Amino acid sequence: MNAIKVIKPGQLSLIQDFGRYGLAQYGITQGGPVDDYAYCWANHLLGNEINCPSLEITLGQAEFKILASCQLAIAGGDLNATLDGQPITNWSSFKALKDQVLSFSLPRNGLRSYLAIRGGFNLPSQLGSVSSVAKDKLGGFNAGAAIQSGDLLPFTSHSLDSKSVQLTFRYQPDYNLPLELRVIEGYQRDDFSVASMERFYRSEFVISQHSNRMGYRLEGDSIKPPVDGILSEGIALGSIQVTPEGSPIIMLNDRQTIGGYPKIGCVARIDLPRLAQGKPGQSVTFTKGDLLGLQDVWCQWANFFGY
C-alpha cells in the first residue's frame with residue numbers, strides 16, 4: 001500500500017496545501033501553511049508543484065511508519081527528525097524505505113516542520129483545497145481535525161532519488177533571533193493617538209501562550225485603542241488588531257473572516273512565516289515597512305515558487 005501510517009500524531013499535525021481563497025464572504029477562512037516559506041521549500045526540494053498537500057507538524061512528538069518506499073523532504077523548525085533512529089538533515093530531501101520509522105521530537109529551534117512527499121499526499125479536496133481548518137470543519141481526514149494514530153497518508157508511487165537535495169544555509173532562517181516585524185499601516189492607524197503609536201513602535205512585546213493558527217497574541221505595554229470596538233469588517237492576513245485591553249493580536253491563516261477590533265495595519269506578508277515559527281515568550285518588535293519595497297520582495301519570492 002502506498003501510504004505512511006501515523007503511529008503518534010504529535011500535539012498538532014495537519015494536512016495543508018496552499019489553502020482556500022475567494023470564500024471569505026461566506027465566512028470560510030483560507031487555512032493553509034502558516035509558514036509558507038518552509039512549506040514552499042519542502043515541496044520545491046522534491047520538484048513538486050506549489051500546491052502539493054503536505055503535513056504541518058507543530059511541536060513534534062510525532063512518529064510515522066513508511067508502508068511503501070518514498071521520497072520525502074522536511075523544512076522549517078528543527079524537530080530533531082530521525083529515520084530508524086538516524087538523524088535527518090533539516091531543509092533537505094531524503095528517501096524513506098518500506099517499514100522504516102520516521103520520528104520527530106521536541107523542537108531544537110522554531111515551532112513547526114513541514115513534511116512533503118513527491119507528488120503530495122492524496123486526499124479529497126473540499127471547496128478547492130485539502131487544507132485542514134477545524135473551526136470550519138473542512139479538509140484533512142475528519143472535518144478539518146488533526147491527524148490521529150492509525151490514519152493512513154496515501155500517496156502515488158514515484159521515483160526515488162539517489163542523492164538528497166539540501167537548501168543552502170544562506171536561505172535557512174535563524175528562528176532563535178528576536179523577531180522584528182515590518183508593518184504596513186492601514187487607514188485606522190490615524191485613529192490611534194500619537195502616544196499609542198509611539199509606544200507600539202518602541203515597545204518590546206513577547207508572544208503569549210494564547211497563540212495559535214488563528215492569531216498570535218502579544219503581551220507587553222498596553223496600546224490604548226481609539227475605541228473599544230468598530231463596525232465589523234473583513235480581516236486581512238497579518239492584520240494587527242488591538243483589543244480593548246490594549247493587547248495586539250496578529251491574525252493568521254485560520255482567523256475569523258470579520259472582526260470588530262481597531263487595526264493598526266498588517267505585518268508584511270513576507271515576515272509572517274518567521275512569526276509563525278515564534279515560540280511563546282519570544283520577543284517581538286515592530287518597525288514601519290516600505291510598501292513598495294516589500295511588495296517587490298514578495299513578488300520575487302512568489303515568482304520563484306510559482307504562485
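A residue counts as buried under 20% relative accessible area, as exposed over 50%, and as partly exposed in between. Gln295, at 40% relative accessibility, is therefore partly exposed. The model discussed here is predicted.

**Open sheet**
- Six strands make up an open sheet, and their order is β7-β6-β9-β4-β1-β11.
- The pairing in this sheet is antiparallel.
- Strands β7 (86–87) and β11 (152–154) form the edges, since each of them pairs on one side only.
- Strand β1 (residues 3–9) and strand β4 (residues 62–66) run antiparallel and are joined by five bridges.
- Pro9 has Ala62 of β4 standing opposite.

**Nonpolar cores**
- The largest nonpolar core contains 28 residues.
- Within this core, the residues with the most contacts are Ile4, Leu55, Phe64, Leu72 and Phe94.
- At least two residues of the core come from each of the strands β1, β3 (54–58), β4, β5 (70–78), β8 (92–96), β9 (101–104) and β10 (109–117).
- When neighbours within four places in sequence are set aside, the contacts of Ile4 include Phe64, Lys65, Ile66, Cys70 and Leu72.
- Ile4 is also in contact with Ile117, Phe121, Asp151, Leu152, Leu153 and Phe155.

**Cysteines**
- The count of disulfides is zero, where a disulfide requires two cysteine sulfur atoms within 2.5 Å.
- For Cys40, the closest cysteine sulfur belongs to Cys52 and lies 11 Å away, so the separation is too far for a bond.
- Cys40 is buried because its relative accessible area is 2%.
- For Cys266, the closest cysteine sulfur is that of Cys299, at 16 Å, which is likewise too far for a bond.
- Cys266 has 22% relative accessibility and therefore counts as partly exposed.

**Setting of Gln295**
- Gln295 is located in helix α4, which covers residues 291–305.
- Gln295 and Ala268 are 27 residues apart along the chain, and their C-alpha atoms are separated by 8.7 Å.

Note on methods. Residues numbered from 1 in each chain as written. Predicted model: local features only at pLDDT ≥ 70, side-chain atom pairs only at ≥ 80, totals over all residues. Heavy atoms only, no water. Pairing = 2+ DSSP bridges. Helix = DSSP H or I, 4+ residues; strand = E, 2+ residues; numbered from the N terminus. Buried < 20%, exposed > 50% of the residue type's maximum accessible area, 1.4 Å probe, protein only. Core = buried A, V, L, I, M, F, W, Y, C linked by side-chain atoms within 4.5 Å. Contact = heavy atoms within 4.5 Å.
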